[in-house]
Structure formats: C-alpha cells, structure tokens
Amino acid sequence: MSTPLLSVKDMRITFHVNGGRDQLHAVDGVSFDLASGESLGIIGESGSGKSTIARAVLSLLRITRGEITMEGKTIVTPQSPGKPGNYGVQIIFQDPHAALNPRSKIIRSLVEPLEIQGKGNASSRRDMALEMLAKVGINRALADRYPHELSGGQKQRINIARALLLRPKILVADEATAALDVSIQADILNLYKDLQDEFGLSFIVITHDLAVASYVSDRIAVMYLGRFVELGPSATLATKSAHPYTRALMSAEPEALPRRLQKQDRLVLRGEIPSPVTPPSGCRFRTRCPIATDLCAAEAPPWREMSPGHYSACHFAEEVMAGKPLDGSDKPQNLESVK
Amino acid sequence: MSVLTNEPPAVKKDRVPTKFGWLIRQPKAVLSVTFLTVLIVIAILAPWIMPYDPIAPNFGALLQPPMPGHWLGTDDLGRDVVSRLMAGAGPSLLSAFASVGLAVVLGVPFGLLAGFMGGWTDTIISRVLDAMLSFPTILFAVGIAGILGPSMTTGLVALGVLFAPQFARLVRARTLVVRRELFVDASRAFGASNLRIIMRHILPNAIQSAIVHAGLLLAIALLAESSLSFLGFGVQPPGTSWGAMLARAYAYMEVNPFLMFPPGIAILLTALSFNGLGETLRVLLDPQSPKA
C-alpha cells in the first residue's frame, strides 16, 4: 500500500485534572491511517475522546506520546507540536454559530485564514472568499451580514467555505451536523460528498450518530474510553461487527418502525462510561459488556485483524462476529458478577 | 456542481436601518452628545467668548447675585461666574478624559494579558490589581499629589493609575470567557498568532463592559478632579476648574449659597452626559443589539 495521506501512530493525549494530581488519558494509544480521498468515521459516546483526536490532528493540543505524519512526513510529535493551519488539515466544529466571531461580518471571518497564511491581497482574498461561498451554496449578498442574522445551516456552510479556503487535503468534521435540523444535516452531508468529488478531500467525520457515520464514511472506527475497539469498512461493521460495543451502538439506533416490527434483539447498555482517570483493568468495556468474563478483567484484548482491513479489540471477536447472542443467555455470568 | 441550495431568502430592501438613524431616535444619546459637544466647543473657545477676565479680581463687585452683566453673579473676588465656568470647563473635561484614557491604556492590556495567558501571569497581575483596588482612590491620589507636589498633571496621573485596575479586572473577566469560545479555536486552526487572536477576536468581544465603565468613570473622574481641586491638590490658583470653584464657593456658603450651584450643576449635567454616552456607545458597537 502506498504512503497514507495521514497516519496517526500510537497517539496518547493526557490531561491533568484535579489540580494536576491526576492524569487523564483522553486518548490512549490510538493508531489509524487515512488514505487520500477517503472518509473515516469515528463514532463513540460522549467522553470517549473523539473530539480530542480531532483537536490533536489539528495541532490544537499537544500529544503526550506517538506521532502524526502527513504523506510520510512527521508533523506532530510530543516534543515538537505541529503548527496549525499549514499542513493541510482543517476543521468544522459542532456549533456553527460559536465558530464565527459575533462581531465580525461574514466576509471578514471568511478572509481571515487567507490573511493569516498571507495568501493574495485584500481584494483577491475577497474574491476567493466570495467564490468559495458560491461553491457551498451561499448567496454572496450574505457576506456583509453578521453571524446572528443567518440560520444554522447557512452558518455551517460558511464555516465549511472558510475551512476550504486554505485548500486543505483533510477536513475534520467534529460533530459538524449535530447542532442542525435533520433536513439541514442531509444538505450538509451531501455537500461533503460534492466537495469530496470537487476538491479530492479526505474526511474525518467525528459523530455519535451512526446514520451520519455510515452515510459518509468508507471506514468507521468505534471508540470507547480513549481507545479504538473496532475499525473496519462501514458495511462490515453494520452487518458483521466483531465487538459487543459496536453491536450495542448499532442496536441502540432508533428504528422508525412499530414495536412489533422491530428486531427483537435490542441490546441496551447499562451504566455510564467509566471515568477515564481510573479506567477498568483489562478490557475497558468489560464493566458494561454483557459477555465479559474473568479473562476480560485480567487481560486487555489485543488489536486483531479479523478480516482484511477489519480490526477488533475483543477476546471474543470471532464469536461476536459469528452472531453470538449478547443478552448473556448462553452464559451464567452477567454484568453484576463481573464487577 | 450540484449543491443543494435552500437559501437565502431575498433580502428585504424596503427598510435599511442605519446607525445614525437609530442614534437620532435615542433621546438620551442626543441630549448627551449635544450637551458634551456644546461644552467642548465652549471650553475650546473660552478665551475668546468669555465676557470678563476669569482671574482678574473686581473688588467693587464681590459675591454679587445673578444680575444683568453677571448672569450667574460674581465670586468672592468679584470675578464673573459665567467666565469662570467657561474657563474651568477645559481643565475639568481634560482631566476627566485624560485620567480615564490613561486608565484604559494601562488597564486593558493588563486585563487581556492576565485573562489570556492564565497561570502565573494571571496570578501575579491579579494580586497586584487586588492590592491597588483595596486603596481608597481619592486618598491615594491625595497622597501621590502630596509627594509629587500639587498640580493638575500629578492629580490626573494619580487618578488614571488608580482607575486602571478596574478596567483590567473587567477585561480580564471577559477575556477568560471569550478565549474559550469556538471562534478562537477556529482562528487558531488557521494558524493565527496569539497577538492576532487577542486583537481580532478577544478585544472586540471583551471591551463592551469597559466602554460602559469608561462612561461611568468619566463622571467619577470629573467628580474626583473636583474633590482633588476642592482639597487643593488639583488645578492651582489663579487657574480654575469646576472643582476649584466649588471649593471656593463652599467657603462662602453662608454668605452666598447660590455660588455653589453653577459649578455643581455643570458637574452633574456633564457626569450624566458621560453616562449616557457610555451606554449609547456600547449599544452602537454591538451588532447584535437591535437598532431599528
């Protein structure tokens, strides 16, 4: 395989909490590659570390271990944090309104990345910005408005246009549709696809919405408590997932069907995501896993390739993949006994 | 390319609100601005339009009540009160503007720095501010004026230095909030420097309360200058300011109580106008407050 566009190797991101006394590994040993033109979805619950990955890839925060390379060149290490904005990665944030300075007119926010990177002069910057507005489907008359005068969907398109002005190779969408109406979400997701065709962009789509992830992503990584638990092609994850957590996420997806027509085997996870300051021993998911055994508490499951390009971190990945029921019915142990 | 276009709705062109249009419909703003403009014009033109010499005594007409020729009467040395009000307007306004201006120039950068950098920088700056804020302003100004020798310049420098922590505090508090805003992260993601983030994103979003406070402080500075002059630490005789006039009037309260009203009312109206001006400026500079 040729050199990936972006490669994250064994990345760890540590925060100091409780006045510096405790360490929190928000991301703990995550590795992934992103090919040119590919879309990678990262899904997981709140607090699993998805957005932290996004910020690290942008060099908005320092990593404590590992490295990030872009086209084979090392750009971020713990010793030399990357310079944001100059290696072809840009980000779209969750809240389209908060991402725009309320006291700047749209045009002023739009030309800012060009100003910072010293591209063009005042009038050519304006032209570039207006052209990009047209590409994301925004009337140029809105350029002289203030953010509070526009709708959420319009603002998110403006944020996308602004991020694209620096011609990034990778666009990170950090829950970029979560704050929008469903109909606008669809527009924005379709816009991603159009932009991907036009600019040859690669996407990292961070979301907790499975439908969003599977719609736009070629591959999906499932994250739990700072680690990837499964990574594979979207279709494989939907039909032959090899991790109980992925199965639980899939079955938690609401179905627009009457109850009698819904699939019976809905797996509801109990409890909260544990504190990342003191993660469970062995497999981090074991405290909520319906099929956890003593082995899971003793040993962290290795990251194994189940089929080409499909990885899972579960001791029972084969059985889960083969469709083992996850209600604990074939096993005397249940959630309580593992604790 | 096929982008779904669901916007924008046509821009309504029948009503174009302008800032000036909004301004002239605010009675408080119109009154404040008009009053201050007239006052500044008078202060500048005072040497030419004063009916009498404000420092030449006239012992034939001491402590006169208002009458034709002397519309606001004369003071204890027979000097025309109208002329002295005009002559005192300049020093009074100047010291108010200069001390508040100095306070803004000193206070805002420290507030931005403390709020933006956090950590030790913030701790040190904040403790110094606490220490300064715990001094009684006027008393400290009197102390400084006493050490450096009484003059208008030392008085207003002392006031400026003592007002600065208030601005630093206000701006620091807002900076702490604004620096965590998403648009700051967005700017950083484009590679913006700290200086750019502070000037472009933090300052415009953190300065509002400082603007309103400047309006309030101008009024307070005017009164503080009066107090300093009243205590003899401001404008020195035979020069004059409203505060100095008030001080002299006080001495003759029982002989001619009317003498206190002209400078007192001038101070009051000017202070009110400064307040109105600060509030108006804040609304004017906020794109989100309705101006229609």
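1. Basis. In this predicted model, local features need pLDDT of at least 70 and side-chain atom pairs count only at pLDDT 80 or more, while totals for chains, interfaces and linings use all residues. Residues are numbered from 1 along each chain as its sequence is written, and chains are lettered from A and ligands numbered from 1 in the order in which they are written.

2. The eight-stranded sheet. Chain A has an open sheet of eight strands in the order 6-7-8-3-9-10-12-11, with mixed pairing. The edges are strand 6 (89-92) and strand 11 (304-307) of chain A; each has a single partner strand, so one side of each has no neighbour in the sheet. From one strand to the next the twist averages 25°. Helices (H or I, at least four residues) and strands (E, at least two) are DSSP runs, numbered from the N terminus. Two strands pair if DSSP finds at least two bridges between them.

3. Strands 7 and 8. Strand 7 (residues 170-174) and strand 8 (residues 202-207) of chain A run parallel and are joined by five bridges. Val172(A) is placed opposite Ile204(A) of strand 8. Helix 8 (residues 244-252) of chain A packs on the sheet, where it touches strand 3 (39-44), strand 9 (219-224) and strand 10 (227-233) of chain A. The direction of helix 8 makes about 105° with that of strand 9 of chain A. Contact here is between residues whose C-beta atoms, placed from the backbone, lie within 7 Å. Axes are lines fitted to C-alpha atoms, for helices over the stretch in contact, and angles run from 0 to 180 degrees between N-to-C directions.

4. Strand 11 of chain A pairs with strand 12 (residues 310-312) of chain A in the antiparallel sense, over three bridges. Ser307(A) has His310(A) in strand 12 as its bridge partner. The two strands form a hairpin with two residues between them, and Gly309(A) in the turn has a positive phi of about 80°.

5. Five bridges link strand 1 (residues 6-17) and strand 4 (residues 65-70) of chain A in the antiparallel sense, with Leu6(A) opposite Met70(A).

6. Helices 4 and 5 of chain A. How do the axes of helix 4 (residues 152-164) and helix 5 (residues 182-199) of chain A cross? The axes come within 10 Å and cross at roughly 20°. That makes the two helices of chain A roughly parallel (under 35 degrees; over 145 is roughly antiparallel, 65 to 115 roughly perpendicular, and the rest oblique). Residues that meet include Ile160(A) of helix 4 and Leu191(A) of helix 5. By class, the contact has seven nonpolar, three polar and two charged residues. Ala, Val, Leu, Ile, Met, Phe, Trp, Tyr, Cys and Pro count as nonpolar, Asp, Glu, Lys and Arg as charged, and the others, Gly among them, as polar.

7. Ala163(A). Ala163(A) lies in helix 4 of chain A. Is Ala163(A) buried or exposed? Ala163(A) counts as buried because it has 26 C-beta neighbours inside 10 Å (20 or more other C-beta atoms within 10 Å is buried, 12 or fewer exposed, in between partly exposed). Beyond its neighbours within four places in sequence, its contacts include Ile91(A) and Leu171(A).

8. Helices of chain B. Helix 2 (residues 27-49) and helix 11 (residues 261-285) of chain B have axes that come within 8 Å and cross at roughly 125°. These two helices of chain B are therefore oblique to each other. Helix 10 (residues 242-251) of chain B is mostly covered, with eight of its 10 residues buried. The buried residues of helix 10 pack against helix 3 (81-117), helix 9 (208-230) and helix 11 of chain B.

9. Where the chains meet. In chain B, 26 residues are in contact with 34 residues of chain A. Helix 7 (182-189) and helix 8 (194-206) of chain B are the elements that give two or more residues to this side. Helix 7 of chain B gives the largest share, seven residues. The side of chain B that touches chain A has 13 nonpolar, eight polar and five charged residues.

Methods
Two residues are in contact if their C-beta atoms, placed from the backbone, lie within 7 Å.
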